[in-house]
Amino acid sequence: MSATPAPSRAELRLRSIAWALGAGISALVLGLPLGLEAALRAGGCGFFYGLLAFHLQRVDPNDSHLQAGLVGAVCGIHSLGLPALNPWPLEAPWPQALARVAPTVMMELIRAWLPLIGAALVLHGSQALSRLVVNRFEPIQRRS
């Protein structure tokens, strides 16, 4: 079995950009049903998620908890940039105000996170599929 040569810096840069564009475009497309502004926000966050995910994959490709944490972190950062959804009802006591606002906030956060979660699934699913295809055809190339 021959050792594969390490990828060049230029190849790594291209892969990094491909991951970023893949995640960004996936999040943008998945966010379009939620409106153009939501899609653009999701696409931007997806782009940065792709950059981070590529470099995290290079550092520790077997740590799925770290990958999931990265998705959660990017979703959290995306949430910080969202406009206020419901004004806090100042006249109501704290528990009733929370009960009134919480369902709307949770639904809006889920809507904001779905494109990013979908982009992560597309990105890592395509990576797993490409590994499967490469491993499937590797024995054929060795015989040649």
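**Pockets, a cavity and a surface patch**

The second largest pocket has a volume of about 250 Å³. Twelve residues line this pocket, and Ala38, Leu82, Pro83, Glu108 and Ala112 are the closest to its centre. Helix 2 has the largest share, four residues. By class, the lining divides into seven nonpolar, one polar and four charged residues. Keep in mind that this is a predicted model.

Now the largest pocket. Its volume is about 320 Å³. Eleven residues line the largest pocket; nearest its centre lie Pro7, Leu12, Arg15, Phe54 and Arg58. Helix 1 and helix 2 each supply at least two residues of this lining. The largest share comes from helix 1, with four residues. Here the classes are five nonpolar, three polar and three charged.

How many cavities of 30 Å³ or more does the structure hold? One. About 40 Å³ of space lies in the largest cavity. Its lining consists of Gly46, Tyr49, Val71, Val74, Leu116 and Ala119. Helix 2 (36-59), helix 3 (64-80) and helix 4 (94-143) each supply at least two of the lining residues. Five lining residues are nonpolar, one is polar and none is charged.

Last, the surface. Ile17, Leu21, Ile25 and Val29 form a nonpolar patch there. Together they have about 360 Å² of accessible area. Leu21 sits in helix 1, residues 9-31.

Technical notes:
Residues are numbered from 1 along each chain as its sequence is written. This is a predicted model: local features need pLDDT of at least 70, side-chain atom pairs count only at pLDDT 80 or more; totals for chains, interfaces and linings use all residues. Side-chain values use heavy atoms; hydrogens and water are left out. On a 1 Å grid over the protein atoms alone, a cavity is a set of points where a 1.4 Å probe fits but cannot get out, and a pocket is an open set with protein on both sides within 12 Å along at least five of seven lines; lining residues have an atom within 4 Å of a point. Grid points are joined across faces, edges and corners, and a volume is the space filled by probe spheres set on the points. Ala, Val, Leu, Ile, Met, Phe, Trp, Tyr, Cys and Pro count as nonpolar, Asp, Glu, Lys and Arg as charged, and the others, Gly among them, as polar. Patches are made of residues with over 30% relative accessible area and no salt bridge: like charges are joined within 9 Å, nonpolar side chains (Val, Leu, Ile, Met, Phe, Trp, Tyr) within 5 Å. Accessible areas come from the Shrake-Rupley method with a 1.4 Å probe; for residues, only the protein chains shown count as cover. A salt bridge is a side-chain nitrogen of Lys or Arg within 4 Å of a carboxyl oxygen of Asp or Glu.
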